[in-house]
Each structure stands twice: as C-alpha cells, then as structure tokens.
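Here are my notes from going through this one. Have the viewer open while you read, and tell me if you see anything differently.

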Amino acid sequence: MKKSKVRDCLLTTDKCHSARSEESKRDSSPIGLRMTKRVAKHPQVILDMDPGIDDALALLLALNSPEIQILGISTVAGNASVEMTSANARRVLEYMGVTNIPVAMGAAKPLEHPLVNALSYHGSDGLGECGLPSPMLSLHPAKAWDFIAQLVSGAPGEITLVATGPLTNVAHAFKLHPELPKFLTKLVFMGGAYGLTPYGKGNQTPLAEFNIWQDPEAAYIVLNSGAVIYAVGLDVSTNPTTCLNNQHLEQLKAGHTPAARLAAQLAEYVIKRHGRCELHDPLALAVLLDTSLFNFISVPVEIVTRDGWDRGITHISPSDSSQLIHVAAGVDGARFLKLFLSRILRTPSNTTHHSGPFARPIIPSEAKNLDPSLSLRVTKTTSKLEK
Ligand SMILES: [Ca+2]
C-alpha cells in the first residue's frame with residue numbers, strides 16, 4: 001500500500017465509519033459476579049499481534065469474516081522478534097492477496113525484560129516453516145502505538161482492538177495517549193490463566209500464560225487503564241474441545257481455498273509435534289464474531305509483575321479494588337470449531353471488506369489485475385502449498 005493511501009486512510013477514518021458499537025447488556029449472577037453479554041455489529045478492528053502460528057490462523061479467520069473490518073495490523077515482539085512478526089503478518093496478507101491493510105511495527109522487547117521468543121513451538125520462521133516468501137509490502141511508517149492512536153482517535157467509540165501477543169504495544173499506546181482507553185469500543189486480548197476451568201493453568205510456567213508472562217508490566221498498565229476489556233485465556237483456549245485435531249486437519253486439507261491450504265499447513269506443523277493445534281488467538285477474534293460462544297464473568301484481575309516463580313500469573317482477586325475485566329470462563333468448543341472451519345473453508349465473496357476506504361481483500365486470482373509482481377508471488381506460493 002502506498003504511503004499516501006495509508007495517510008488518506010488514517011485521515012479519513014472518521015468519515016468512513018458508521019456508528020456500530022452497542023451498549024453492553026448486563027445482568028447479575030447469583031454469586032455476585034456481573035455476567036456480561038456484549039453485542040456488536042460489524043466492528044471495526046485493529047489487530048495487535050505477534051505472528052506466530054495461531055496469530056496467522058486468527059488473521060486468516062479475520063480476513064474471511066465479512067462482518068468485521070480490519071483497519072490495520074500492529075506487530076509486537078513475542079513469539080518471535082518484532083522484525084519477524086512484522087514480516088509474518090505481511091507474508092500472510094500477501095499470500096491472501098490483500099494489499100490494503102497497513103502493518104505498523106511496534107515494540108522490539110517487553111517493557112522491562114529481554115524478549116524470550118517461542119520459535120521452538122512456532123518453527124524457525126515463526127510460521128511452521130511454511131515456505132511463504134519474504135514480504136514485498138512496505139511497513140507503515142508510524143510506530144505501532146501512534147498508528148493505533150491515530151486510528152482510534154479518529155473514530156472514538158467505534159474501534160475494537162484485538163491483542164493476541166504480549167501487551168507491550170498497547171501499554172505504550174495507553175501511556176503515550178491517555179485518552180485511548182476510553183476511546184476504544186473495547187479491547188479483547190488473548191492472555192492469562194485464571195483457574196476458572198481445569199485448563200486454566202500456565203503454558204510458560206506452571207501457572208503463567210506466555211503473553212502475560214512475557215510482559216507482565218505491560219499487562220498491569222493495560223488491565224488498570226479503564227478500558228472495557230475482554231480476556232480470553234488458557235481456561236478456554238486449552239480446552240480440548242476448542243483445539244484442531246487430525247480429523248479437522250483432514251477437513252482443512254480437503255479445502256480448496258488459499259486460506260484452507262495455509263491453515264492446513266500451519267495446523268499440521270503443530271499437530272505433528274503436539275497432537276493438537278490450540279487456537280488461542282482465533283478464540284480471541286471469535287469474541288467479535290459470536291460473543292454467545294463464551295461465558296464471561298466480570299472480575300478484578302491481579303497481575304504478578306515481580307520476578308520470581310510467580311511472574312506473570314493472573315489472579316482473580318475479589319479483594320482487589322482494580323477495575324473489572326470480562327474473563328472467558330467457558331466456551332462452546334464445538335460451535336467455535338464449526339465457526340472457525342466454516343470461515344477458513346469459505347470461498348471469498350464480494351461481501352468481505354477490510355481497511356477503511358477499501359472494499360474488500362483481493363483474492364489471488366484477481367491480483368494479476370492490480371499488481372503483476374504480487375500475482376506472480378501469490379501464484380508461486382499457492383502452488384508450493386498445493387504440493
Ligand atoms: Ca499470539
């Protein structure tokens with residue numbers, strides 16, 4: 001995307017949005033925790049991510065979901081270096097033939113700690129050694145936190161931020177732009193393990209989840225920012241009913257769309273090594289697609305920021321006076337997987353639309369009409385995946 005077009009996108013954000021947020025509907029549970037159901041139509045979304053295999057699967061899900069509009073992607077260090085996560089976001093976009101979603105690079109490391117990547121899980125390229133070529137698209141010139149602030153400030157109350165990596169970029173954005181938390185419709189993040197289900201244990205340490213453990217200081221800032229926050233943690237994302245298995249992999253392999261081919265390759269890399277593919281980040285995205293998949297409870301959450309064995313643990317702390325976070329305490333795994341698979345396997349249609357002033361992503365077969373070099377690359381990539 002040319003810089004001038006990105007600038008136009010940012011400058012005209014307020015013109016190309018319609019009011020889409022709706023007030024949440026609340027009622028009270030017998031145990032005194034507020035149960036929250038939030039309904040939103042066609043949310044406009046910024047994805048803050050660290051691709052990462054499950055981030056890439058979340059991006060494929062988002063690109064194939066016509067009811068949301070992706071305004072931009074910001075990238076953060078987490079699963080891999082920020083240079084690699086920034087490249088991977090664009091590798092996936094280009095593979096899908098999408099050239100009109102700007103990608104802005106963010107933090108290279110957590111606020112107060114060195115980065116500890118997860119390439120041992122995600123593969124040496126962060127995407128399961130899938131063979132996608134290096135990106136051709138340029139990065140947006142703004143840093144991620146300014147990029148987020150420009151978009152959100154241009155349409156206060158209309159944009160949802162979905163964060164599926166460490167919360168470093170979001171913390172920077174909230175510190176540098178204090179008005180942002182109240183301008184967001186809501187923040188949905190993947191992170192934490194809350195002990196709400198038998199699966200609510202750690203995946204980085206026995207009790208700490210990777211994204212929060214990576215940058216607990218950032219999580220503390222974000223979770224005490226006053227924003228409306230929804231948390232999707234390991235309590236639901238390591239529930240076996242939400243994970244892809246070999247049977248699901250066969251369905252993906254039988255798909256004929258570019259998204260299905262890439263998703264199959266990403267999932268197969270993980271399933272071969274771990275027996276299943278956990279869909280942490282697609283679950284966070286799914287909050288925007290069908291909130292009724294989840295049961296949320298509204299609770300105060302304490303983040304352990306000190307160094308030590310308990311770094312990065314997320315406690316539900318009834319005595320804490322901090323703000324309430326809507327934490328996913330349950331999920332309909334079968335319905336989620338049905339949604340995920342149907343979206344990944346769907347054929348792109350004219351109704352899919354992303355990025356402010358643009359109509360929809362460009363499917364690979366159309367790319368030749370717009371950018372011969374991109375078409376060539378997409379064609380080559382597709383054929384490789386078909387092998
Ligand atoms: Ca992630």
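The points below go from the whole chain down to single residues.

1. Overall picture. Keep in mind that this is a predicted model. The chain carries 16 helices and 11 strands. Of its 387 residues, 54% are buried. If you take contacts between residues at least 6 apart in sequence, 81% of them join residues at least 24 apart.

2. The core. The largest nonpolar core has 118 residues, and the members touching the most others are Leu60, Ala263 and Val327. Helix α2 (residues 53–63) supplies the largest share of this core, with nine residues.

3. Ala263 up close. Which residues does Ala263 contact once its neighbours within four places in sequence are set aside? They are Leu57, Leu60, Leu252 and Ile344.

4. Strand β9 and its partners. Strand β9 (residues 294–303) pairs with β11 (residues 324–331) in the antiparallel sense, over seven bridges. Within that pairing, Asn295 sits opposite Gly330 of β11. Strand β9 also runs antiparallel to β10 (residues 314–316), to which three bridges join it. There, Ile303 is the residue opposite Thr314 of β10.

5. A helix crossing. Have a look at α13 (residues 280–289) against α14 (residues 333–345): the two pack at an angle of about 90°, and their axes are 11 Å apart. That angle is why α13 counts as roughly perpendicular to α14. On the α13 side the contact uses Pro282, Leu283, Ala286 and Leu289, while α14 brings Phe336, Leu339 and Phe340. Sorted by class, this contact of α13 with α14 has seven nonpolar residues, no polar ones and no charged ones.

6. Cys277. This residue is in the loop between α12 (258–274) and α13. Is Cys277 buried or exposed? Buried, because 26 other C-beta atoms lie within 10 Å, and the cut-off for buried is 20 or more. Leaving out residues up to four places away in sequence, Cys277 touches Cys243, Leu244, Ala267, Val270 and Ile271.

7. The cysteine pair. From Cys277 to Cys243 the separation is 34 residues in sequence, and 5.5 Å in space, C-alpha to C-alpha.

Conventions. Residues are numbered from 1 along each chain as its sequence is written. This is a predicted model: local features need pLDDT of at least 70, side-chain atom pairs count only at pLDDT 80 or more; totals for chains, interfaces and linings use all residues. A nonpolar core is a set of buried Ala, Val, Leu, Ile, Met, Phe, Trp, Tyr and Cys residues joined through C-beta atoms within 7 Å. A residue is buried if 20 or more other C-beta atoms lie within 10 Å of its own, exposed if 12 or fewer, and partly exposed in between; C-beta atoms are placed from the backbone. Helices (H or I, at least four residues) and strands (E, at least two) are DSSP runs, numbered from the N terminus. Two residues are in contact if their C-beta atoms, placed from the backbone, lie within 7 Å. Two strands pair if DSSP finds at least two bridges between them. Axes are lines fitted to C-alpha atoms, for helices over the stretch in contact, and angles run from 0 to 180 degrees between N-to-C directions. Angles under 35 degrees count as roughly parallel, over 145 as roughly antiparallel, 65 to 115 as roughly perpendicular and the rest as oblique. Ala, Val, Leu, Ile, Met, Phe, Trp, Tyr, Cys and Pro count as nonpolar, Asp, Glu, Lys and Arg as charged, and the others, Gly among them, as polar.
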